[in-house]
Amino acid sequence: MQDNATPENFDVVIVGRGPVGATLANLLGLCGVRTLVLEREARAYHLPRAVHFDDECMRVFQTIGLADAILPHVILSPGMLFLDADGRMLLDWSRPQTLTPMGWHLSYRFHQPELEDVLIGGLSRWPHVALRNRCDVFALDQDERGVRVRYEDLSNGKLTEVHAAYVIGCDGARSLVRRFIGSGMDDLGFHERWLVIDVLLKRARDDLGDYSLQHCDPARPATYVRGTGTRRRWEITVLPDEDSQEVAQPAKVWNLLSRWITPDDAEIERAAVYTFHSAIAQQWRNGRLLLAGDSAHQTPPFLGQGMCAGIRDAANLAWKLDAIIRGGASSELLDTYQSERLPHVREFIELAIRLGGLINTKAIEAGLAAGEPRENAPVKLEVKKPLLGPGLAPCDLPLAGDLAPQFELRDGSRSDDQVGYSHVLFVANAAALSLRPALVQTGLKILNSDDAPAIGDWLRKHDIIAALVRPDRYVRGTARNEAELDQLIAAIQPLACVPSAA
Ligand SMILES: Cc1cc2nc3c(=O)[nH]c(=O)nc-3n(C[C@H](O)[C@H](O)[C@H](O)COP(=O)(O)OP(=O)(O)OC[C@H]3O[C@@H](n4cnc5c(N)ncnc54)[C@H](O)[C@@H]3O)c2cc1C
């Protein structure tokens, strides 16, 4: 071990700069938290992975000021259709092409390495955030004062140690941080090998279509996804007697693709066999060590929600870390992280498993039961976002655990841009607050019906006169009357206000 007289100190060390680590680092950068990101690899992961993210993720990217940089790399998705072996539609998961209450579209297609490049590029805006590539973390020792993080710089073999108040393991499915936390995994039962193939079209093949297609064919279940640009994706089940290496050889790949496409149409960009797992870590935190992203949960990709769940983890966690590190809040705040996030991600994973049962035709009825039956039409699927699990919001109040909408304000700006990564109080009647000086002292941002009539409409729809919304846009508390508004205000700690990145 190198003789480090005074190891560098950071508030937070993030292990791994995949999409979750990079998003978390941007959020902490926005907060002003001194952060070091340590990444084993020199560049972004080279094999095909995520192709879809949702409106809530885009809202997080908006928060970190990178939505405009991401938009040129995405296309809108019309949705996903599930077809039986004869091509008949079983389930219709079309997505509306209008903006959702999040202020973005419900479904974006993208290429994960391009998104990661934007997220990593965004880190250079924060002088207090450092990224060190080719640094392999191998040991973590924590005590009541902090965590000693030891890593090897793979470019020269040098061993280094740094100290941090908190370490976040965004280090993927085989997480080292999870091992140091000592957490086991709850296995949700889905494990299947799938061959994932990305091709680049050499000529137009508009007939392949823009919808994602799930071929629920008992002989060989398969997925088609239209990617961005000329990229097209097929995910094809690997049969039990097939060898993972052999099935990914070009001749075999073209043979499997021959139903849809030939070498005259496209070239293979990448082909790799993945085992899709469904698992959730039992313990997301041990003292100063925490997990986020694939280190905490893994899902089959049928809903396109694996990375999205990790982005939500980051948005839930960063403001809590900031409140503790810079705002003096109790570290007990971190106990709400797993309690809120785990039930939410579990619901998505369970739905992905149900849809997996429809695709592999092993549990067709259960899969179809996830949607709404219609007369003379395929079952219609609409995926409602789960609520946060128990945490900061009292469960008996309206909107507990739900996301607040993003409002377009009278001046043409959007509420998230005005609020930044901070708490905001939405109130129907601004005059009601003038008699509450305690509120002024908190420095809390306040928006009311005069800023956007839709704020009043939303509050009235839920029979409330005010809603306190957290930096991750989830409702922290609501008030149905003046007495509850007083309680809500009394409960507001001095809240760290973070500027907008827009
Ligand atoms: C075929 C496929 C399709 C998918 N489709 C979708 C989709 O459409 N939508 C979606 O939301 N999700 C999808 N996913 C899931 C998504 O790709 C993952 O959830 C996401 O990449 C997880 O991000 P992460 O940052 O948590 O982990 P990773 O991306 O795995 O990043 C972890 C990082 O940590 C680094 N690391 C690990 N250990 C150490 C260490 N000891 N020291 C330093 N660095 C370390 C690794 O090098 C890596 O860069 C898909 C996945 C697959 C396989």
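This is a predicted model: local features need pLDDT of at least 70, side-chain atom pairs count only at pLDDT 80 or more; totals for chains, interfaces and linings use all residues.
**Helix α4**

I started with helix α4, residues 112–122, where Gln 112, Pro 113, Leu 115, Glu 116, Val 118, Leu 119 and Gly 122 are buried. (Buried means under 20% relative accessible area, with a 1.4 Å probe and protein chains only as cover; helices are DSSP runs of H or I with at least four residues, strands are E runs of at least two, and both are numbered from the N terminus.) I then looked up what covers these buried residues, and the list includes α1, α2 (55–63), α3 (67–70), β16 and α8.

Residues are numbered from 1 along each chain as its sequence is written, and side-chain values use heavy atoms, with hydrogens and water left out.

**Ligand**

Next I went to the ligand. I get 33 residues around the ligand, and the closest are Glu 39, Arg 49, His 52, Asp 294 and Met 307; a residue is near if one of its heavy atoms lies within 4 Å. By class, I count 15 nonpolar, 9 polar and 9 charged residues in this shell. (Ala, Val, Leu, Ile, Met, Phe, Trp, Tyr, Cys and Pro are nonpolar, Asp, Glu, Lys and Arg are charged, and the others, Gly among them, are polar.)

A polar backbone atom of Val 20 is 3.1 Å from a ligand oxygen, and a backbone N or O atom of Arg 40 is 3.1 Å from a ligand nitrogen. Asp 136 has a polar side-chain atom 3.4 Å from a nitrogen of the ligand. On its own the ligand has 1,000 Å² of accessible area, and the protein covers 91% of that (Shrake-Rupley method, 1.4 Å probe). The elements giving two or more residues to the shell are α1 (19–31), β9 (135–142), β16 (266–281) and α8 (306–325).

**Cysteines**

How many disulfides are there in the whole structure? My search found 0, with a disulfide being two cysteine sulfurs within 2.5 Å. For Cys 57, the closest cysteine sulfur is in Cys 308 at 3.6 Å, too far for a bond. Cys 57 is buried at 1% relative accessible area, and Cys 216 is buried at 3%.

**Gln 305**

Last, I looked at Gln 305, which sits in the loop between β19 (297–298) and α8. Buried or exposed, is Gln 305? Gln 305 counts as buried, at 8% relative accessibility. Its side chain makes a 2.9 Å polar contact with that of Arg 312. (A polar contact is a pair of N or O atoms within 3.5 Å; within protein, one must be able to donate a hydrogen and the other to accept it, and residues adjacent in sequence count only if both atoms are side-chain atoms.) Setting aside neighbours within four places in sequence, I find Gln 305 in contact (heavy atoms within 4.5 Å) with His 52, Asp 54, Thr 299, Arg 312 and Phe 348.

Methods:
Buried means under 20% relative accessible area, exposed over 50%, partly exposed in between (1.4 Å probe, protein chains only).
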